[in-house]
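This report goes through selected features of one structure, shown below. It moves from a helix to the sheet, then to single residues.

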Amino acid sequence: MNFDILMNIGLDIMGGDFAPLEAIIGVSQYLSENNNAAHLTLVGEEAQIKDLFRELNISQNNITIVHAEQVIDMHESPTKALKEKQRSSISIGFHLLASGKTDAFISAGNTGAMLVGALFSIKAIEGVLRPTISSVIPKENGKTGLILDVGLNADCKPEQLNQFAVMGSVYAQQILGIDNPRVALLNVGEEEGKGNILAQSTYPLLKENKHINFIGNIEGRDILLDVADVVVCEGFTGNVILKLAESLYEISERQNLAHEYFDRFNFEIYGGTPVLGVAKPVIIGHGISHARAFKNMITLAQKMIEKDVMSKMKKELES
C-alpha cells in the first residue's frame, strides 16, 4: 500500500444503506469526471470491493483498498461500537486519517460513530470549544448560503455560536465562493435585544467580532431569501430547519412539482456535511446516499484539502 502521494482521500466503502455498490459507482463517476482526481483509499471488505470493480468494469488505477472485516451498523451505540469494532471500516478510516496516511475521511455510515471518531480521533482545532456541522441553504434567487449548527450541539453557549460564525464564514468564503459573507443570528425578531437568553447573550459577541461581517438578527422567513449568507443558531433549531428543508424536496417529488428550485433541496447535490472545527476534513453522508452523493462528497473533500480550509479556520480563530 502506497500512501506517499500528493492527496489521499479515505472513503468508508461499506457505509450507507446502498453501500458498497452505490459508493463504488460514485467513485467511478468521480474518477471519470475529474482530470485532477485525488488518490482514493477505499476501506471495506476487500473481496467484495474487487468483485464489484470487476463486475462494473471499473479501473482500479488511483485506488488503494484497505481491508476492513467489520462494519458498524446504523443503530449501534457509537462509542461502544468504535471501541469493540476496531477492525470496522469507520475505525480503520479514522486511524488512517489520524496517522496521516489519508488527508480526509468520508462515510455515509453510522452518523454517531463518525461524530465520535471526528471528536476523539482527529481532535478539535486548538481553541475550538465545540466542533459543528452545517448545511447548505438553497436561496430563492439561485444563490447558496449556510446554516450552522444543524444537530451536533443541541444546547450551546454564546461563545460557541460566536465560533460557529467564524468557522461558517471561512467555509462560505472558501467552499461556497462568497466574498465577505453576511453573518446573521437566527432569532424571533430583527431588533437587537430580541429572543431568548442565548440569543440575547450571543448578539453582542457577534456584533463585536471583527472577523465576521455581522448584519444582525434574521427571522425564519428570511432563511431561504438572499438576506444572509451564514445563519447561526444552536443545533436544536438548526436540525428542525434541516429536516423541514429535506421534507420540501420529498413533498415536491411525491406531488410531481417539477421545479428547479425544489430540485436544489436534494441533498445528493451537495454530497454530505463536513464537521467544522476538527483538524482534518471529515465528511458525513446521508444514510440513503446514492452514487451522486458519494461522488460529490469526494469532490467536496478534495476542495477542502486544496483550499486548506481547516488551517484557515484555525488562523481566524487564533487571531
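## Helix H8 and what follows

Asn 256 comes after H8 and has a positive phi, near 55 degrees. The model is a predicted one.

H8 itself covers residues 235-254, 20 residues in total. From the first C-alpha to the last, H8 reaches 28 Å, close to the 28 Å expected at 1.5 Å a residue. Its buried residues are Gly 235, Gly 238, Leu 242, Glu 246, Tyr 249 and Ser 252. Viewed down the axis of H8, these buried residues fall within an arc of 120 degrees, so they line one face of the helix. The cover over the buried residues of H8 includes strand S5 (132-138) and helix H9 (260-263). On the face turned away from the buried side, H8 carries the exposed residues Phe 236, Leu 244 and Arg 254.

## The sheet

The model contains an open sheet of 11 strands with mixed pairing. The strand order is S3-S2-S1-S4-S11-S10-S5-S6-S9-S7-S8. Strand S3 (63-67) and strand S8 (213-218) are the edge strands, each of which pairs on one side only. On average, neighbouring strands of this sheet are turned by 25 degrees against each other, with direction ignored.

Helix H6 (residues 158-174) packs on the sheet. H6 touches S5, strand S6 (144-148), strand S7 (182-186), strand S9 (230-232) and strand S10 (272-276). The direction of H6 makes about 165 degrees with that of S9.

Strand S4 (residues 104-107) is covered on both faces. Ala 104 and Ile 106 are buried on one side, and Phe 105 and Ser 107 are buried on the other. In a regular strand the side chains alternate between the two faces of the sheet.

S4 pairs with strand S1 (residues 8-12) in the parallel sense, over 3 bridges. Gly 10 is the residue opposite Phe 105 in S4. S4 is also joined by 3 bridges to strand S11 (residues 282-285), and these two strands run parallel. The bridge partner of Phe 105 in S11 is Val 282.

Ser 107, in strand S4, has a relative accessible area of 0% and is therefore buried. Apart from neighbours within four places in sequence, Ser 107 is in contact with Asp 12, Gly 15, Ile 90, Met 114, Ile 283, Ile 284 and Gly 285.

Strand S2 (residues 39-44) pairs with S3 in the parallel sense over 5 bridges. One of the bridge pairs links Thr 41 to Thr 64 in S3.

Leu 40 belongs to strand S2. With a relative accessible area of 1%, Leu 40 is buried. Contacts of Leu 40, leaving aside neighbours within four places in sequence, are Asn 8, Ile 9, Val 27, Tyr 30, Leu 31, Asn 62, Ile 63, Thr 64 and Ile 298. Leu 40 and Lys 101 are 61 residues apart along the chain, and their C-alpha atoms are separated by 11 Å.

## Met 7

Which segment holds Met 7? Met 7 lies in the segment before S1. The relative accessible area of Met 7 is 14%, and Met 7 is buried.

Not counting residues up to four places away in sequence, Met 7 touches Ala 38, His 39, Asp 103, Gln 302, Ile 305 and Glu 306. Met 7 and Asp 103 are 96 residues apart along the chain, while their C-alpha atoms are separated by 6.6 Å.

## Cysteines

How many disulfides does the structure hold? The structure holds 0 disulfides. Cys 156 is in no disulfide, and the nearest cysteine sulfur, that of Cys 233, is 8.3 Å away.

How values were computed. Residues are numbered from 1 along each chain as its sequence is written. This is a predicted model: local features need pLDDT of at least 70, side-chain atom pairs count only at pLDDT 80 or more; totals for chains, interfaces and linings use all residues. Side-chain values use heavy atoms; hydrogens and water are left out. Helices (H or I, at least four residues) and strands (E, at least two) are DSSP runs, numbered from the N terminus. The expected span of a helix is 1.5 Å times one less than its number of residues. Buried means under 20% relative accessible area, exposed over 50%, partly exposed in between (1.4 Å probe, protein chains only). The arc is that of the directions from the helix axis to the C-beta atoms. Contact means heavy atoms within 4.5 Å. Two strands pair if DSSP finds at least two bridges between them. Axes are lines fitted to C-alpha atoms, for helices over the stretch in contact, and angles run from 0 to 180 degrees between N-to-C directions. A disulfide is a pair of cysteine sulfur atoms within 2.5 Å.
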